[in-house]
Amino acid sequence: MAAVTIQNVEKTFGTLKVIHGVNIEVKEHEFVVLVGPSGCGKSTLLRMIAGLETISDGEIVIGEKVVNNVHPRDRDIAMVFQNYALYPHMSIFDNMGFSLKLRKRSKAEIEKKVNEAAGILNLVPFLQREPRQLSGGQRQRVAMGRALVRDAQVFLFDEPLSNLDAKLRVTMRTEIKALHQRLKTTSIYVTHDQIEAMTMADRIVVMNAGRVEQIGAPLELYDHPGNLFVAGFLGSPSMNFIEGHFSRSDGEAVVVTEAGTRLPAPDLADAKEGQAVVFGVRPEHLILGANGVEATVEVVEPTGANIEVFADIGGADICAVFFERHLFEPGEKIGLGWDTGKVHLFDKESGQRI
C-alpha cells in the first residue's frame, strides 16, 4: 500500500481553471472521500491521480514516485467507475481476470486471484455468467473484483454507487467499508452524497469550485464546520441559517434578526458588537419548549423514525427534527430552544466560522 500526496495541483482547460492549487495528504491504508456538489472538481482530481487527465501544475506522488508523466497502467492503481465498465461479451471470470491476462500472467495465477476476489465478494456462483445476467449490485461487485485482483497500491472509486437504488446503495457502501477494513488498501473515493462520505470515510475532503474547503474526520467536520459552505453541505436536513447582528446587550450574547427576534448565542463567541453574522443550528439540536423562541409551524413531515417540522422564526425558515411523536398543525405556535454550546456563528461577509 502507498500514501498519495497531492501538492499544489492545478487543472486548466484552455483559459478556464477548474482546480485551484489543491493540497491533500492521503496516508497509507487510509480511506479518504472527496465530496462536493456537481462541478466542484472532485472527479477531475481523481482522474488526474489515475493519469486519465493531465496535470496543468503541481505534483501527484504515489508512494515515493512523482507520477505526473507516468502512464496510468504504470501507476499501480486500480479504478472502479460509476458505469461499471464491464465487457458485455465476456464472462464474469474473464472480466475480473482481463487485466492480469494483459500482463501475461499465467492461467494458474489468474484463476487463483479471480477465485480469491470472487470469494471475498460472494461472486463465486456467478463467474460463468455474463454481466447482463447480473443485478446492478452484483455488477458493481464485479467491478470491485476486477480492482481487487490487481493487488494495487491504491484504489480509486469514482461515484461507484450512483446507478444503484437507495436500498442497495446502503448495502454496497457497508460492503465497501467492510472490504477496506479487511484489506487496508489506500483508497480515494469520490461522491456527491454527503451521507456516503460521513459513513464511509476515515477523513473527508470537502471541495467547492475547484478548491478544498476543509479536511477532517467526519464528525469533526460535522460538529466544527470551518465555514458556511461546509456547515450547509454536511447534514440532512442541512443546518439552519438565520442572518442577524451580534450583541451582548442585557448581559447575554444574542443574535438579533432584522425582525427583532433575539436568538441566544454562545457566550464565548468571538464576535464584535453589531457584527453581521449568520446564526447556525442543526435541526436535531432544536428543543421543543414553552420558554423557547416563538415559531410558527408551516409544514410537518413524518418520516417514521422522526418528525421534520418546517417553521418560521421571525421571518426566517427553519427545520426542526424531533424523535418524539408530535401532532402539530400548520399555523400552530410552538417554542423552540437550543443548547447554545451547539450553536455555530459565521461571519456574514467572509462565511468563515467565528
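Which residues lie nearest the centre of the largest pocket? In this predicted model, local features require a pLDDT of at least 70 and side-chain atom pairs a pLDDT of 80 or more, whereas totals for chains, interfaces and linings use all residues. Residues are numbered from 1 along each chain as its sequence is written, and side-chain values use heavy atoms, with hydrogens and water left out.

The largest pocket is lined by 19 residues, and those nearest its centre are Phe 81, Ser 99, Arg 103, Arg 146 and Arg 150. A pocket is here an open set of points on a 1 Å grid over the protein atoms alone, with protein on both sides within 12 Å along at least five of seven lines; a cavity is a set of points where a 1.4 Å probe fits but cannot get out, and lining residues have an atom within 4 Å of a point. The volume of the largest pocket is about 590 Å³, a volume being the space filled by probe spheres set on the points, which are joined across faces, edges and corners. Two or more lining residues come from each of β6 (77–80), α2 (92–102) and α4 (136–148), and α2 gives the most, with four residues. Helices (H or I, at least four residues) and strands (E, at least two) are DSSP runs numbered from the N terminus. By class, the pocket lining comprises 12 nonpolar, two polar and five charged residues; Ala, Val, Leu, Ile, Met, Phe, Trp, Tyr, Cys and Pro count as nonpolar, Asp, Glu, Lys and Arg as charged, and the others, Gly among them, as polar.

Two cavities of 30 Å³ or more were found in a search of the whole structure. The largest cavity has a volume of about 60 Å³ and is lined by Phe 31, Phe 155, Phe 157, Ile 176, Leu 179, His 180, Leu 183, Thr 185 and Ser 187.

Helix α1 (residues 42–50) is largely enclosed by the rest of the structure, because seven of its nine residues are buried (under 20% relative accessible area with a 1.4 Å probe, protein chains only). The buried residues of α1 are Lys 42, Thr 44, Leu 45, Leu 46, Met 48, Ile 49 and Ala 50.

The protein chain contains eight helices and 19 strands, and its C-alpha trace spans about 80 × 45 × 35 Å along the principal axes. Of its 354 residues, 48% count as buried. Among contacts (heavy atoms within 4.5 Å) with a separation of 6 or more, 65% join residues 24 or more positions apart. An unreviewed UniProt entry annotates residues 4–234 as "domain: ABC transporter". Over residues 4–234 the chain is 36% helix and 26% strand, with the end C-alpha atoms 25 Å apart.

Note on methods: UniProt positions are given in the numbering used here, feature names are shortened, and annotations may be inferred rather than shown by experiment. Buried means under 20% relative accessible area, exposed over 50%, partly exposed in between (1.4 Å probe, protein chains only).
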